[in-house]
Amino acid sequence: MVRQMVVESVYCKILNDGGFRSDGRRQYELRDINIDLGQQGSADGSASVSHGLTQVLVSVFGPREAKMRSQTIHDRANINVEVAVAPFSTGERRRRGRGDKRILEFASTIKSTFEPVIQTALYPRSQIDIFVQILQQDGGVLQACINATTLALASAGIPLLDFVCAVTGGVHSTSPLLDLTTLEENDVPHVTVAVMPRTGKVTLVTMETRLHVDRFEDIFRVGCEAGKVIHKEMRAAVKERTRSVGSGGGPDVGDRDVVMEERMEDY
Amino acid sequence: MDLAEVEYDGGARLTCPGDYITSSQAFMRGHGTYVENDQVIASVAGTVERVNKLVTVRAIRTRYSPEVGDLVVGRITEVQPKRWKVDANSRQDAVLMLSSVNLPGGVQRRKLESDELQMRTFFEEGDLLVAEVQAFFSDGAMSLHTRSLKYGKLRNGQLIAVPPILVRRLKSHFITLPCGVDLILGLNGYIWVSKHVKDNDQEGEEGFDAEAVYSSQNDDIDEATRSAISSVTNIIRVLAAHFVPLTDAILLEAYAWVMDQEIGTKDILQEETSDFLVAALTSSRE
């Protein structure tokens, strides 16, 4: 009896009787999304995205000449993803080298997510470098990385078929949850889903825990829906950036129209 | 039909990747778009442009996409048999063939085997050069040439890189500012700012003094010219940060404004000053 009480107080409930989670969210509530598309050094495109306390920074370079000739592909661009995890990003301080198997797998997940989305065939023999830096981890690291990579690619002007919006879903007994924190990820089986919102195509489904087959469909469906919500945020951010850069005393549209008319007369 | 409908929120229509633009039955797709299920869909974030039936989306910030005849500034990255590889801010390194540079001893000279062996005496890794886009290879890489006295190795100056979209096609990309500074606006977004060279020095008799053209030695540059060069580069940095397109007129005006206000070279970069500069330029243009 006593033991049971201790257990209850140590493990705070994933979903309490009122339907709230440990951080006060509802079942399907997402955390705050913060998007910064400011310029980072000499990168062609960069984005910093945070979902609640999870924060990642992605810089994209390219398409550019491949550093290693052996990596060039004659009919399309090669995508190179490198992930770095800041030692201070987790609760326990820990250094992971670049050769760490888990990180390499993580990078190849991101790569395979974006391979069907980036129009690589337009850039034969080039290379697109994607550098991902994980600054803070509080669950949903993969989703944050994928969302930030999409935004960085878009701001680098690299042609994409569509946005890729990722979200983590989990299931607590029978009720699906969205956008899990570390606390929840430790206790609950979870899936990360990445969707292309326009067509509803899914470019990534991955999980590292076991999940009952009957529950999978629920989570998957909710995840796809949530992807569309995140898409709205990401789209607004990209639009805002395009507007502010395009009009910041910048290439004035009126001028360009004149140029275009002149060209048309030439024909 | 659709184009007119959804278009123009305060000027140009903006797109994001995956946005529906128009029907592919009425329009042709251009760069920055793709077709799926009879729909033309944007693949980059930028502004929609239309010429007759051709719809393109121009990305706000992207790598340089070359066209034949463009003037570019580049840096040699590699020396290979009969060719140099040149970084020109494009998606691949450009190629400069040994046969498309001016060789010493007469403009119309066949290249010899001995030239191949001493390619590094013309251009070495790290050298900067100005060239023209001559042609494209089948994979889209560009081939450059420097067969004009205007082109060739660069010295006596400083390079800055800006987003290529900011450099428009101009009557001349060689600009001389009244402060004794020459500017070369490469269409690839690389800009070379250097000490002014007198016109007759540049051309000379019978063209071409190989010593001078392929020399890597800087001339003496006096203090005033140095600070003028730095001022001009700082102005360009400021304008690029505010996304102001660079033309000869704007640069002249900006330099005149800076001189007028007696702003020091370093102070141009200060946020407040740079805001004033950009504001002064935009207000005078309206």
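Me: What percentage of the 267 residues of chain A count as buried?
Reply: This is a predicted model, and the values here are computed from it. Chain A comes to six helices and nine strands. A residue is buried when its relative accessible area is under 20%. Of the 267 residues of chain A, the share that counts as buried is 49%.

Me: What share of the accessible surface of chain A belongs to carbon and sulfur atoms?
Reply: Chain A has an accessible surface of about 13500 Å². The part of that surface belonging to carbon and sulfur atoms is 51%.

Me: And chain B: what percentage of its residues is buried?
Reply: Chain B has eight helices and 17 strands. It exposes about 13900 Å², with carbon and sulfur atoms supplying 47% of that area. Among the 286 residues of chain B, the buried ones make up 51%.

Me: In chain B, what percentage of contacts between residues at least 6 apart in sequence join residues at least 24 apart?
Reply: For chain A, the corresponding percentage is 68%, again among contacts between residues at least 6 apart in sequence. For chain B, the share that joins residues at least 24 apart is 61%.

Me: Which stretch of chain B has a pLDDT below 50?
Reply: Chain B averages a pLDDT of 86, and 90% of its residues score at least 70. The stretch below 50 has 17 contacts in the model beyond near neighbours in sequence. Where pLDDT is low, the predicted coordinates should not be read in detail. The stretch in chain B is residues 1–9.

Me: Which peptide bond is cis?
Reply: Most peptide bonds are trans. The cis bond here has omega near 0°. Its second residue, A:Pro63, is found in strand β3 of chain A, residues 54–65. The bond runs from A:Gly62 to A:Pro63.

Me: B:Phe243 has a positive phi; is this residue buried or exposed?
Reply: Phi of B:Phe243 is near 60°, and the residue is not a glycine. B:Phe243 sits in the loop between α6 (223–241) and α7 (248–260) of chain B. Its relative accessible area is 8%, which is under the 20% cut-off, so B:Phe243 is buried.

Me: B:Glu262 also has a positive phi; is it buried or exposed?
Reply: The phi of B:Glu262 is about 55°, although this residue is not a glycine either. B:Glu262 lies in the loop between α7 and α8 (271–285) of chain B. At 70% relative accessibility it is over the 50% cut-off, so B:Glu262 is exposed.

Me: Which residues does B:Thr265 contact, leaving aside neighbours within four places in sequence?
Reply: B:Thr265 lies in the loop between α7 and α8 of chain B. It is partly exposed, with a relative accessible area of 23%. The contacts are B:Ser227, B:Ser230, B:Ser231 and B:Asn234.

Me: Which residues touch the most other members of the largest nonpolar core?
Reply: In soluble globular proteins, nonpolar side chains tend to be buried together. The largest nonpolar core here has 58 residues, and its largest share, eight residues, comes from α6(B). The residues that touch the most other members are B:Ile236 and B:Leu239.

Me: What does B:Ile236 touch, not counting residues up to four places away in sequence?
Reply: B:Ile236 is a member of the core of 58 residues. Its partners are B:Ile160, B:Val162, B:Leu183, B:Ile191, B:Val193, B:Leu246 and B:Leu251.

Me: What does A:His231 touch, again not counting residues up to four places away in sequence?
Reply: A:His231 lies in helix α5 of chain A. With a relative accessible area of 16%, A:His231 is buried. It touches A:Phe163, A:Cys165 and A:Pro197.

Me: What is the volume of the largest cavity?
Reply: A search of the whole structure finds one cavity of 30 Å³ or more. Its lining includes A:Leu37, A:Arg241, B:Ala45 and B:Arg61. The elements giving two or more residues to that lining are α3 (141–155) and α5 (213–247) of chain A. The volume is about 80 Å³.

Terms used
Residues are numbered from 1 along each chain as its sequence is written. Chains are lettered from A and ligands numbered from 1 in the order in which they are written. Side-chain values use heavy atoms; hydrogens and water are left out. Helices (H or I, at least four residues) and strands (E, at least two) are DSSP runs, numbered from the N terminus. Buried means under 20% relative accessible area, exposed over 50%, partly exposed in between (1.4 Å probe, protein chains only). A nonpolar core is a set of buried Ala, Val, Leu, Ile, Met, Phe, Trp, Tyr and Cys residues joined through side-chain atoms within 4.5 Å. Contact means heavy atoms within 4.5 Å. Accessible areas come from the Shrake-Rupley method with a 1.4 Å probe; for residues, only the protein chains shown count as cover. pLDDT is the predictor's confidence in each residue, from 0 to 100. On a 1 Å grid over the protein atoms alone, a cavity is a set of points where a 1.4 Å probe fits but cannot get out, and a pocket is an open set with protein on both sides within 12 Å along at least five of seven lines; lining residues have an atom within 4 Å of a point. Grid points are joined across faces, edges and corners, and a volume is the space filled by probe spheres set on the points.
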